[in-house]
Amino acid sequence: MTREMLFAGFGGQGLLFSGKVVAYKGLIEDKNVSWLPSYGPEMRGGTANCSVIVSDDPVGAPIISNPDILVAMNLPSLDKYESEVKKGGIIFVDSSLIERKVTRDDIDVYYIPATRLAEENGAPTLANMILVGKLLKVIGEYDEEHVQKALGKCISARHADLLSLNLKCMEIGRDYE
Amino acid sequence: MAEKVLMKGNEAIAEAAIIAGCRHYFGYPITPQTEIAAYMAKRMPKIGGTFLQAESEIAAINMVYGVSSTGKRVMTSSSSPGISLKSEGISYLAGCDLPALVVNCQRGGPGLGGIQPSQSDYFQATRGGGHGDYHMIVLAPASVQEMAELTIRGFELADEYRMTAMILADGTIGQMMEPVSFDFAIKEAPEKPWAVTGTKMERAHNIINSLYLVPDVLEQKNFERYEKYAKVAENVALAEEYLMDDAEIVIAAFGIAARVAKNAVNAARAEGIKAGLIRPITLWPFPEKAFKKALGTAKQFISVELSMGQMIEDVRLATECKVPVSLCNRAGGMIPSPEQVYEAIKAAAGKAGK
């Protein structure tokens, strides 16, 4: 099984971080993983993204042409990548930031008002983690222990106090219907 | 076994260098390799090492020359335009037979070019880069794990042959994160009786110098150096051969291009096309034997590159043009897609009468 996931939005929304958590969770589960960020001018406005591959087999090209899963946190990202998602794939949309609906009908779509939920829960910068929580739940990969461990790997000891807030946001996403 | 950690390729180079005993890093920032300097800036002061951000690339490579003269393991890193600036210094290192590790995390060129990944410094790296008759040992990692492994190997080879070893990476491998294990057995650096460490009034002065004004003396120096290069070519050349036993369409690709090509080779195999991949891990010396061996079954070679076609010349030389060699490429910071490579394989298989 190979899952190719694209996390896309504005720079500063934490997409690279959320991709890293997913990748680390894969590593903890002994999967082959790769994490590739966009770097350079597109990180300053427009679409910043990172490509994460989690696979039972060795990862070939870390570059994703057609993702199985797209997490879209702004309209330019949805506009750019909606058509690239594989048939039968999944798109997670931050519906507080993207007003339009996905037009394709050959994929599953989840609309989560992640930015609003994050603000309501006192974590305005963690909408990304709400989306990741939902993503892992939907694909049947939300393993409490591994999620906690992955967060522990991605959050430096200096910011350990932020771990519980990140976890809380992932749980909000997990439980959002 | 040591626990695997998720790390950027650039960071893996820096950590591996420290493990290899490198305690002196000199650099000047440039995208997409700045993480190496950032990592060194953080770590070196804590382990009694030296991190120094020089005033320019030229200054940094000459600091490398200085430290190497004292026999210590030393490195610098940059990206394409910065490597051009360092090339004068690299030539001097060669002229003095000084070991050093230089990392080139390539970006698109020529000129300032762009900051996206490229492999267009292949000629520069494999032909020396600076002036004069010389070579570097050029290592081409294709994963974050190899960024670490080849950094350590690079230091070892540099010391063993008293040469500059270059890690020829690219923006993708530098920026991407993959699991990496630092479980290495480190060979101790060899004795360096040539180093300038003070005579203690017990031996003659060691002199590090590349100036030889008497032509036949300089000629002799060059002859000796090329005898050494012949040994390197014999002992160091290395390639990964993937599905090569019966390969009729043979892809040649290194670094990130090889990762892309592997996907395409797998797709072609699934369609019944006998495709295979030779991935040079050393670019100089070029792994000619793997290519000569492939001639047993090969009907066509395809060189997949992030350049306008540079390694393709070495593929033609190694195969003595006995079968056609074509190019499948993108340039300027673009990366060929697995689909593009697959189409090239399919076209080649069609022509080869499959």
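## Helix packing, chain contact and a sheet

Helix α5 (residues 144–154) of chain A packs against helix α6 (residues 163–175) of chain A at an angle of about 140°, and their axes are 10 Å apart. That makes α5(A) oblique to α6(A); angles under 35 degrees count as roughly parallel, over 145 as roughly antiparallel, 65 to 115 as roughly perpendicular and the rest as oblique. This is a predicted model, in which local features need pLDDT of at least 70, side-chain atom pairs count only at pLDDT 80 or more, and totals for chains, interfaces and linings use all residues. Residues are numbered from 1 along each chain as its sequence is written, while chains are lettered from A and ligands numbered from 1 in the order in which they are written.

**The helix pair in chain A**

- Axes are lines fitted to C-alpha atoms, for helices over the stretch in contact, and angles run from 0 to 180 degrees between N-to-C directions.
- Helices (H or I, at least four residues) and strands (E, at least two) are DSSP runs, numbered from the N terminus.
- On α5(A), the contact is made by A:V147, A:Q148, A:L151 and A:G152, and on α6(A) by A:L163, A:N166, A:L167 and A:M170 (two residues are in contact if their C-beta atoms, placed from the backbone, lie within 7 Å).
- By class, this contact has five nonpolar, three polar and no charged residues (Ala, Val, Leu, Ile, Met, Phe, Trp, Tyr, Cys and Pro count as nonpolar, Asp, Glu, Lys and Arg as charged, and the others, Gly among them, as polar).

**Chain A against chain B**

- Chain A has 16 residues in contact with 20 residues of chain B.
- Two or more residues on the chain A side come from each of α1 (15–28) and β2 (32–37) of chain A, and β2(A) gives the most, with five residues.
- The chain A side has eleven nonpolar, four polar and one charged residues.

**Domains of chain B**

- The domain assignment, automatic or from a database, gives domain 1 (5–236) and domain 2 (240–353) of chain B.
- Their C-alpha centres lie 28 Å apart.
- The contact between them takes 28 residues from domain 1 and 22 residues from domain 2.

**A sheet in chain B**

- Seven strands form an open sheet with mixed pairing, in the order β3-β2-β4-β5-β7-β6-β12 (chain B) (two strands pair if DSSP finds at least two bridges between them).
- The edge strands β3 (50–53) and β12 (282–284) of chain B each pair on one side only.
- β12(B) pairs with β6(B) in the antiparallel sense over two bridges, and B:W284 in β12(B) is the bridge partner of B:V138.
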